[in-house]
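Please open the model in your viewer and keep the selection tool at hand.

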Amino acid sequence: MRVVIDGIEVEAREGETILEAARRAGIKIPTLCHIPGLFREATCRICLVELKNGRLVPACAFPVSDGLEVRTATPRVLKTRRMVLELLLAAHRIKCWSCPRKGACLLLRLCKELGVEGIPVCAECPLPEEECMLAQGEVCLGPITVAGCDAACIREGRPCTGCRGPVTRRDVLEEAVANYRRHGVPLSKVLEALSTFCSSSRAYEEVRRLLGDRA
Amino acid sequence: MKGGLVIYPVTRIVGHAELRVTFSGGVPRAEFRVLNDPRFFERIVLGKDFRQVPWIVSRICGPCSLSHTLCSIFALEAAIGVEVPEHVLMAREAAAELEVAENHLVHLALLAAPDYLGLRGPLELARERPEFVKRVLRLRSALAEAAEGLVGRLTHPSACVIGGFTKEPLPERLEKAARKLARLIPEAEAVARLAMELSYPSLNVSGERLLAVAGGDGYSFTGSSLLLEGHGILKPLEYTHVLREEAVRHSTCSRVTALGDPIYVGARARLNARGVEHLADTARGLASNLKLPLRNPFDNLKAKAIEMVHCVERASHILSVLADEARQRGLKLRTGVEARAGEGVGVKEAPRGVLIHHYVVGEGGLVEHANIITPTTINSYHLEKASEALASARWGASSLRDELARLVRAYDPCLGCATHAVRITVEVV
């Protein structure tokens, strides 16, 4: 049978999912919970695609049928995926500095692709927890700075200076404060460092309020 | 065109600008208006720890971020009295050359060349000569990649700090970059040849003074002093005696003059000051038919083409020397830095010409005074004079508008850097 994905005709087999057909044709659809052969319950909903009738369906579970027309990157699909990602992040415990995924974070990759913020630079930092800049006594802004730079400075051996602006999620900041405390980095120094690149942003004010209470 | 003409916006330059030429009583008057908002960097760094300064001022410019970083490092190292090991100087010179080559390449091939090929811009160029544009982009990637091995990244270089580098580059990586650059010399030469063979209008600006960095080893982009035509060698701190900087009403960029004359900085000034004998082999071959001194502002494009090839060759050479040293003895790329009070001026040849950073560091290492003069700031007055010369020679010609825009592009102005001065009038009522 034939299906049309993003305007491309794809030969598909009976019983296949949209995802399988798309991957074979080289069309990328993001997935998180889908693990071939192990898990196909379609719970994360990041793989939503739009059918011709306007329905949004999970590509990893929806079976193909002859003549099915699918679009994988309409504005509506992207908007919904962003929302799905935000919901996932809301329930996600962001403890990047001690995460085994450190440096290769799947969530962060999706965040970058879809333009969702909330994950700190620690997620892409190549240093393991014990070599963390904070453990070396540096004032590193990695724990409170928006990721997306691939931790360029830390890779060159200098601490993060927060040029991408601060994360404003309260739980992330609270974790960060605990982390700074644990390593004996004074919060006043953190605020001073943060003022270099974002002293006039609203985000900075937010962080100052949160950290300031504890400084 | 009766009383004057306005070119707004001037396209294919780095930033936003307008050129306004008025003609009255047979005398043309040109105003080059920089329209970027003032950036206040000299104010931002006040009161900051001196170690933060290079990192902050690297944000002044995207294309020549490395130049601002290095120039501020030179100034601050002079201020606090740090001597860096020779390997650091070599690595910095190589990085500077990679930056110059990258800037020249993009400007020549994508921004300036379409003017002389009868095309409307880089997109049309890509349609007409896809192989040429691909070659340019390949070369650009190789230059950026080589720079990444040394300084972390070309824009906002994270490995450059006062006292040297944050980490030692891997010899394998240096070697690989050196080999790749050496392989690409013919490609660079082909691009340069195209730029050399285009025909440029002729023009002369009377009373100009060329300014370039002097000192350093051979045809280099880092050095210890300035050379001002008709005046001689200036120590960095002496720039304040000779260069006069004043705010003008029509632009956010200040006007810089030397003893009342317009100054020209850039590839043309460098080539005139350094001569062709120190150029690397292929570049020297390209320059063999050139008669120095070059006085035509449009010849800046030829000088850039020659420098671009020179930079690729010389950077490749320095990288391979560094790789050998790293293997045999190990590189010494860091020296200790302690806060001390002092005053220092750094001079450097940025891709577009002489860049000057001046800082006073107080007790405790906090910055008390900062002054930055960028190449485009220096050139903007010269550009006005050149526009006037072109306008008076070609007034009435239907192509004048295009020719003026080409003239601006021949200077390759970088306006985000240049925007600088702002005249604030406070009315007390």
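Select helices α4(B) and α7(B) of this predicted model, and look at how α4(B) passes α7(B), which is in a left-handed crossing. Helix α4 of chain B runs over residues 86–116 and helix α7 of chain B over residues 171–197, and their axes come within 11 Å and cross at roughly 45 degrees.

To see what forms the contact, show the side chains of Leu105(B), Leu108(B), Ala109(B) and Ala113(B) on α4(B), together with Val191(B), Leu194(B) and Ala195(B) on α7(B). Coloured by class, the residues of this contact divide into seven nonpolar, with no polar and no charged ones among them.

Next, go to chain A and select helix α3(A), residues 106–114, where the buried residues are Leu107(A), Leu108(A), Leu110(A) and Cys111(A). Which side of α3(A) do they take? They cover an arc of only 160 degrees around the axis, and therefore lie on the same side of α3(A). Just after α3(A), pick Gly115(A), which takes a positive phi of about 70 degrees.

Keeping α2(A) and α3(A) selected, turn to the way in which they pack, which is at an angle of about 145 degrees with their axes 10 Å apart, in a crossing that is left-handed. The contact involves Leu78(A), Arg81(A), Arg82(A) and Leu85(A) from α2(A), and Leu110(A), Cys111(A) and Leu114(A) from α3(A). By class, the residues of the contact of α2(A) with α3(A) divide into five nonpolar, no polar and two charged.

Now widen the selection to the whole of chain A, whose secondary structure comes to seven helices and five strands, running from the N terminus on as β-β-α-β-β-β-α-α-α-α-α-α. The C-alpha trace of chain A spans about 65 × 35 × 25 Å along its principal axes, and buried residues make up 36% of its 215 residues. Among contacts in chain A between residues at least 6 apart in sequence, 55% join residues at least 24 apart.

Finally, display both chains and select where they touch: nine residues of chain B are in contact with seven residues of chain A. On the side of chain B that touches chain A, there are three nonpolar, four polar and two charged residues.

Terms used
Residues numbered from 1 in each chain as written. Chains lettered and ligands numbered in written order. Predicted model: local features only at pLDDT ≥ 70, side-chain atom pairs only at ≥ 80, totals over all residues. Axes fitted to C-alpha atoms, helices over the stretch in contact; angles between N-to-C directions. Helix = DSSP H or I, 4+ residues; strand = E, 2+ residues; numbered from the N terminus. Left-handed = near helix turned anticlockwise from the far one by under 90°. Contact = placed C-beta atoms within 7 Å. Nonpolar A, V, L, I, M, F, W, Y, C, P; charged D, E, K, R; others polar. Buried ≥ 20, exposed ≤ 12 C-beta atoms within 10 Å, placed from the backbone. Arc of directions from axis to C-beta.
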